Amino acid sequence: MQLKARVQFDQPYTHELVKSSLKDRSKFDWIIEEDITDDSIAEGDQVHLQWLEYELINWDKLASQETETLANSYCIRKGLIRKSQMAYNLTKYMSKHPDSILKTAIPETWLFELDHIDYLDEAMNEVFEVEQDLADNEDLETNRKAFIIKPSMANKAAGIHIFDTMEGLKSLFERTRLDDSDEEEEEEENDEEDAEDDNRENEDGDNEGAEEEEEEEEVDYDDEDEDEEDLSQIREWVIQRYVQHPLLLCGNRKFHVRAYVLAVSNIQVYLYSDMLALFALKPFDESDLSDQLSHITNTCIQTGEDTFVENDSVKLFWDLKNEEGVTQENLDSMFKQMQETLRDLFDACSSEMTTFQAIPNAFELYGVDFLIDRDMQVYFLEANAFPDFKQTGNELQHIISDLFAETIQLAVDPFFESSGADTSSSVRKEQTPSKFVKVFERQLLGPR
């Protein structure tokens, strides 16, 4: 018996690895349908697995065929991936569990809502601790308290800003307003140019078709990044205390750990032991908070730089024991802290059913980011749905290939085995020893 899977990802890197993993590492034989453009599934068409971009998943089919159809995402999980909602959930959880590791693993966090920069002073009154520390900083030359602000929904480091003065915070929103004004002026100029083009086209009708075709091609090129966040439209942010003394390695550079976390059914949570250490491009400079290449460790802001070298920015977490002052015991301790943090994190989020619903016939891979300070204390930063797997790079592509293979062995194959799918005609594929470590389990919503 063959099973049918729909596979579609915007990134060819992810798309091809998912396909090859299903073909080479699953117990089942898969018919793979590609080039999916919407979530429609024809009546009578049995699709067993939907491994797709979120907007392409047919949620009605998933709900109506709970034991026959599996998807690679939960429908409702904003309580985990939306920074402001997660901060609310964690604050609530810590008030009920004062001994939770989250008390020390989460930098102090404030929800921050701003409708317009003209109302910044009023908005700061709602985060008075931040306002007070910024005021105190004015009289200090050293040991100033710094903060980091992040949009609730943005990714790829969009909108992240580090500051230790009110002027530093204002500069983020002032820059956004100026960018907004520039865009309006550019739109007006484009409108004028379009009007001139229309006049020329009317004068020379013979060239009309060719000019329209050229114009369409130019728009497609210019809109290449059309899905980037428009920061001027963001109202919901979080402010956190900046970890000012991070562990610095590999040339005095800051880094964060990208871990992959798998949530299965309703619900078991696993941490994948092969993790990445993603380094800033430049050495850490506490005196210049505006230098993103020194303070922001996301590789997506580095790849356009002439000095970017993949092997220098992307390393394996467990290889850090070869760096100065880091022992295997240190790494083991960090890994244990990550497990305990994830345990309480998912306990907190799964307790809030309106913002996180783990359903029986779904699984999801998250990219979870941790920061480590010079005392080897681990801090949870954020969880990302549909993480950018290609940031792993070419040299470490096997990490993602093995991650998908083990996800199939842990989340996909067992689902169809338990639903009675026939494996008698399937060729037994090589099964690898699991690198997943279970960190949380809880029974929610149903019998599975």
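Student: Is Met 376 buried or exposed?

Tutor: This is a predicted model, where local features need pLDDT of at least 70, side-chain atom pairs count only at pLDDT 80 or more, and totals for chains, interfaces and linings use all residues. Residues are numbered from 1 along each chain as its sequence is written, and side-chain values use heavy atoms, with hydrogens and water left out. A residue is buried under 20% relative accessible area, exposed over 50% and partly exposed in between (1.4 Å probe, protein chains only). Met 376 has a relative accessible area of 17%, so Met 376 is buried.

Student: What is phi of Met 376 near?

Tutor: Most residues other than glycine have a negative phi. Met 376 sits in the loop between β13 (363–372) and β14 (378–385); helices (H or I, at least four residues) and strands (E, at least two) are DSSP runs, numbered from the N terminus. Met 376 is not glycine, yet its phi is positive, near 70 degrees.

Student: Which residues is Gln 377 in contact with, leaving aside its neighbours within four places in sequence?

Tutor: Gln 377 also belongs to the loop between β13 and β14, and its relative accessible area of 21% makes it partly exposed. The C-alpha atoms of Gln 377 and Ser 333 are 9.0 Å apart in space, although 44 residues separate them in sequence. Contact means heavy atoms within 4.5 Å. Beyond four places in sequence, Gln 377 is in contact with Thr 104, Ala 105, Gln 337, Leu 371 and Ile 372.

Student: What does Asn 252 touch, not counting residues up to four places away in sequence?

Tutor: Asn 252 is in the loop between β8 (236–241) and β9, is partly exposed at 42% relative accessible area, and has a positive phi near 60 degrees. Asn 252 and Phe 284 are 32 residues apart in sequence, but their C-alpha atoms are 6.2 Å apart. With residues up to four places away set aside, Asn 252 touches Pro 283 and Phe 284.

Student: Which peptide bond is cis, with omega near 0 degrees?

Tutor: Most peptide bonds are trans. Ile 267, in the loop between β9 (255–264) and β10 (268–272), takes part in a cis bond. With omega near 0 degrees, the cis bond is the one from Asn 266 to Ile 267.

Student: How many Å separate the C-alpha atoms of Glu 68 and Phe 416?

Tutor: Glu 68 lies in the loop between α2 (59–64) and β4 (70–71) and is partly exposed at 36% relative accessibility. Not counting residues up to four places away in sequence, Glu 68 touches Gln 46, His 48, Phe 415 and Phe 416. Glu 68 and Phe 416 are 348 residues apart along the chain, yet their C-alpha atoms are separated by 7.5 Å.

Student: What covers the buried residues of α1?

Tutor: Helix α1 (residues 12–25) has 14 residues and spans 19 Å from first C-alpha to last, close to the 20 Å expected when 1.5 Å is multiplied by one less than the number of residues. Its buried residues are Tyr 13, Thr 14, His 15, Leu 17, Val 18, Lys 19, Ser 21, Leu 22 and Arg 25. Their cover includes β1 (2–8), β2 (29–33), β3 (49–52) and α13 (397–418).

Student: At roughly how many degrees do the axes of helix α4 and helix α12 cross?

Tutor: Two packed helices are described by the angle and the distance between their axes. Axes are lines fitted to C-alpha atoms, for helices over the stretch in contact, and angles run from 0 to 180 degrees between N-to-C directions. The axes of α4 (residues 83–96) and α12 (residues 328–350) come within 9 Å and cross at roughly 100 degrees.

Student: Which word describes α4 relative to α12?

Tutor: Angles under 35 degrees count as roughly parallel, over 145 as roughly antiparallel, 65 to 115 as roughly perpendicular and the rest as oblique. The axes cross at roughly 100 degrees. That makes α4, relative to α12, roughly perpendicular.

Student: Which residues in α12 do Met 86, Asn 89, Leu 90 and Tyr 93 in α4 meet?

Tutor: Met 86, Asn 89, Leu 90 and Tyr 93 are among the buried residues of α4. In α12 they meet Asp 344, Leu 345, Asp 347, Ala 348 and Cys 349.

Student: What percentage of the 448 residues of the protein count as buried?

Tutor: The protein has 13 helices and 15 strands. Of contacts between residues at least 6 apart in sequence, 71% join residues at least 24 apart. Among the 448 residues, the share that counts as buried is 50%.
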